[in-house]
Amino acid sequence: MVSKKLTIVNAQGFHMRPASTFATAMGKYASDVTIKHNGADVNAKSLMNIIAACIKCGNEIEVVANGADENDALAEAVQMIESGFGE
Amino acid sequence: MLKGIAASEGIGIGKVMIVEEHSLEYQPKQVADTDAELQRFRDAVEAFCKETEEQAEAVRKSAGEKEAEILMGHIYMIKDPGMIGTMEAQITGGQCAEAALEQICDMFIEAFSSTGDEVTQQRAADVKDIKTAILSILLGVKTVKISEAPAGTVIVAREVTPSMTAGINKENIVGIVTETGSQTSHSAILARALEIPAVLSVENATTQLSSGELIIVDGSEGDVITAPGEAEVQTYSAKRDAYLREKRELENYRGKKTTNANGDEYELFCNIGTPKDAVKAMTADGEGVGLFRTEFLFMDRNALPTEDEQFEAYKQAALVLKGKGLIIRTLDIGGDKEIPYLGLEKEENPFMGYRAIRYCLGHRDLFKSQLKAILRASAYGDVRIMFPLITAVEELREGKALVEEAKSDLRASGIEFDENIKIGVMTETAASGVIAHLLAKEADFFSIGTNDLTGYTMAADRGNSDVAYLYSPFQPSVLMMIQRIIKCAREEGIPVGMCGEAAANPMMIPLLISFGLTEFSVSAPSVLKVRKNISKWTKAEADKVAEAVMSMTTEAEVTAYLKTVV
């Protein structure tokens, strides 16, 4: 299992487009990918669950990947979040 | 006349088209042939996605990429394993397609609605929209084709859903009226993007109005004028044309620097009340924030916001501004507000009582936690601190000493902040105007709050109609205050802004240019207008106007003269 703590930097937080690109990207991996936010575990492969988690700009989250390709999954997740989803 | 919320500016004159909703009732049942039911469901979802994609394509052309994204989002949502996956599992288990769809959609609608977060709550409207659209397909209900509305149509509906908006042809739809919705609902956002005048939350609009009748939609005022006479139609047509002309002209000022006719540069900032407003300020082409009111963090709750909570809000605004100036005003609150946990007592005269900096200096823990939160946010942008209601130099000194204490606390904890954070005074009392020369020696900047400066100088409450005639920033006494504050700031070489409503007043602008103001802070929708107004004046012309005005004796004389020069 690998994990990393991150801060959301794009102004709108995890709104529709980033949440959807993120969930699709994570869906490619065999590993389980979870976002820890406010004490809850959010399935990172589900757009609907990410939206329900209300993750905002400035929030601290932790991405946890667990499985065969966990390093690749975490690396892509970190890249996407740190770049602010290119926004 | 019907009243509603002004949600999208402009005026539309046209004929009503009522968009009715159809019953989507069905009899839930157990299905024996689950394979066939699954196929029926998948066909409906596929038809929905195809239709939505076409609509998104149309919206992309008419309103832009962002609005198309809202519709594309519906496809992403239904295709989420939590949606289609769970629904298919229910159908395989024997549930009918309609019930499976409704049950799962309702679950997410409930989850999104209960978050208390406005943006997430809006997503609930999207799920509702998905549910209605797919149910309509499953039940074979025909929906009204807004796309076929003739030119000059005003759409009247209970609510305008994103998928309905998609059918809107900008050329044909001149106005939107709904029974529900707010400034920030989908209907409002889409109407603004399409530049269609819209009035929302008009009670019983679909029953009070009937298809085919002529109405006027005033999206700037929130008015719906029914059965207008010829004269009214003419007045509103003229108003509409003037609005459109000005709007085209103002767009030329977007992305430009703010300069007077000599090319001298000014800062043109915005006043905001929440971090979300910072986004609006940037969209409106503001060059920074000249007044971030922090009261929102303290209102409508039962306990003080924590330092972390405040820090998140300030940081969020700082990140949105990307290094542009952000002036945060410390808590400006008093006995006129009902905030039970602050223990503010009802007083005879709250505006002259225990409020703003006075209250904060008396509640040092509360104040220090706000100052620490602001300091922490200063690591993320050009954040500055402003104290409200300063009337004596000691208040500024005490406030600055507390900032130093907050700084050393943060240093001790190894937390980053801007060591050289600027600390300014909101000059909004008669006292601060008179001692501006003393304050300017110890403050890093001034910002003139004309609303309170006018009230405190004239000793007149603008909310009281019996004395409201005294309340004018063009009173010679107020103008002399403003002139003096600016002069004292310039003499000490510190920047001086204005964050009151007067900063956007075209009659005030030449005076401010002449006096030497360096920063204008206005509401987001005024940015381009103010930039245009500043660009019209040379320093020499502004000086001539100011000289004339400052030699006048009465407010009536001043305003009569200024009306002739702008």
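Two residues are in contact if their C-beta atoms, placed from the backbone, lie within 7 Å. By that rule, I50(A) touches F14(A), A19(A), F22(A), A23(A), V42(A), A44(A) and I55(A), leaving aside residues up to four places away in sequence.

This is a predicted model, where local features need pLDDT of at least 70, side-chain atom pairs count only at pLDDT 80 or more, and totals for chains, interfaces and linings use all residues. Residues are numbered from 1 along each chain as its sequence is written, while chains are lettered from A in the order in which they are written.

**Cores.** A nonpolar core is a set of buried Ala, Val, Leu, Ile, Met, Phe, Trp, Tyr and Cys residues joined through C-beta atoms within 7 Å. Buried means that 20 or more other C-beta atoms lie within 10 Å of a residue's own, again placed from the backbone.

| Core | Residues | Among its members |
|---|---|---|
| Largest | 148 residues | A44(A), I50(A), V289(B), Y314(B), F446(B), I485(B) |
| Another, apart from it | 43 residues | A68(B), I146(B), I215(B), V217(B) |

**Where the chains meet.** 16 residues of chain A are in contact with 22 residues of chain B. Helix 2 (47-52) of chain A gives the largest share of chain A's side, five residues. Helices here are DSSP runs (H or I, at least four residues), and strands are E runs of at least two, numbered from the N terminus.

**Chain B.** Chain B has 22 helices and 17 strands. Of its 566 residues, 45% count as buried. Among contacts in chain B with a separation of 6 or more, 68% join residues 24 or more positions apart.

Key: Buried ≥ 20, exposed ≤ 12 C-beta atoms within 10 Å, placed from the backbone.
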